[in-house]
Amino acid sequence: MIYFDNAASAIPFTSAVDFIPNYGNPSSNHKAGHDSNQIIHNARKLLADIFGGDAGSYYFTSGATESANIAIQGYCRFLKKLNQHVMK
């Protein structure tokens, strides 16, 4: 297979990993994308089973900056809701 959709993912060097990952863009409407989306869905379900919560509450990011931004946004939303509750 020749894979040309590297919009949200890239094939890693085989020397960097000891397995061949499914590298389809999970947002794409093709078999590799559907397969990747299913892997992510299964991983979220597994995390929810282990740690609790809703499977849709688990996010996968591409790096530390994106992860930190999500955490900061979540904390700001929490503070906003807390402030709205206190002001009532």
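Q: Is Ile39 buried, partly exposed or exposed?
A: Ile39 is partly exposed, because its relative accessible area of 47% falls between the 20% and 50% cut-offs. This is a predicted model, and the values are computed from it.

Q: Where is Ile39 found?
A: Ile39 sits in helix 1.

Q: How far apart are Ile39 and Pro26, in sequence and in space?
A: Ile39 and Pro26 are 13 residues apart in sequence. In space, their C-alpha atoms are 8.9 Å apart.

Q: Stepping back, how many helices and strands does the chain have?
A: The chain has 2 helices and 0 strands. Helix 1 covers residues 31–51, and helix 2 covers residues 64–87.

Q: What span should helix 1 have, and what do its end C-alpha atoms give?
A: At 1.5 Å a residue, the 21 residues of helix 1 should span 30 Å. The end C-alpha atoms of helix 1 are 30 Å apart, which agrees.

Q: Which residues in helix 1 are buried?
A: Ala32, Gly33, Ser36 and Ala48 are the buried ones in helix 1. They cover an arc of only 150° around the axis, so they lie on the same side of helix 1.

Q: And what does the face turned away from the buried side carry?
A: That face of helix 1 carries the exposed residues Lys31, Leu46 and Asp49.

Q: What does Lys31 meet in a salt bridge?
A: The side chain of Lys31 meets that of Asp35 in a salt bridge, at 2.9 Å from N to O. Side chains of opposite charge can pair when their charged atoms come close.

Q: How are Asp35 and Lys31 placed in helix 1?
A: Asp35 and Lys31 are 4 residues apart, about one turn of the helix.

Q: How exposed are the two partners, Lys31 and Asp35?
A: Lys31 is exposed, with a relative accessible area of 62%. Asp35 is partly exposed, at 29%.

Q: What does the salt bridge count come to?
A: The count comes to 1 salt bridge, and Asp35 and Lys31 form a salt bridge.

Q: Next, Lys45. Where does Lys45 lie, and is it buried, partly exposed or exposed?
A: Lys45 lies in helix 1. Lys45 counts as partly exposed, at 41% relative accessibility.

Q: How far is Lys45 from Ala55?
A: Lys45 and Ala55 are 10 residues apart in sequence, with their C-alpha atoms 5.1 Å apart in space.

Q: What about Gly52, where is that found?
A: Gly52 is in the loop between helix 1 and helix 2. Just after helix 1, Gly52 takes a positive phi of about 90°.

Q: Which residues is Gly52 in contact with, leaving aside neighbours within four places in sequence?
A: Gly52 is in contact with Leu47 and Tyr58 on that basis. Gly52 itself counts as partly exposed, at 26% relative accessibility.

Q: On to the surface. Which residues form the nonpolar patch?
A: Tyr75, Phe78, Leu79, Leu82, Val86 and Met87 form the patch, with about 640 Å² of accessible area together.

Q: Take Phe78. Where does Phe78 lie, and what is its relative accessible area?
A: Phe78 lies in helix 2. Its relative accessible area is 48%, so Phe78 is partly exposed.

Q: What does the accessible surface of the chain come to?
A: The accessible surface comes to about 7,300 Å², of which 60% belongs to carbon and sulfur atoms.

Q: What share of the chain do buried residues make up?
A: Buried residues make up 11% of the 88 residues.

Q: What about contacts between residues 24 or more positions apart?
A: Residues 24 or more positions apart account for 6% of the contacts in the chain with a separation of 6 or more.

Key. Residues numbered from 1 in each chain as written. Predicted model: local features only at pLDDT ≥ 70, side-chain atom pairs only at ≥ 80, totals over all residues. Heavy atoms only, no water. Patch = residues over 30% accessible without salt bridge, like charges linked within 9 Å, V, L, I, M, F, W, Y side chains within 5 Å. Areas by Shrake-Rupley, 256 points an atom, 1.4 Å probe, with all protein chains shown as cover. Salt bridge = Lys/Arg side-chain N within 4 Å of Asp/Glu carboxyl O. Buried < 20%, exposed > 50% of the residue type's maximum accessible area, 1.4 Å probe, protein only. Contact = heavy atoms within 4.5 Å. Expected span 1.5 Å × (residues − 1). Arc of directions from axis to C-beta.
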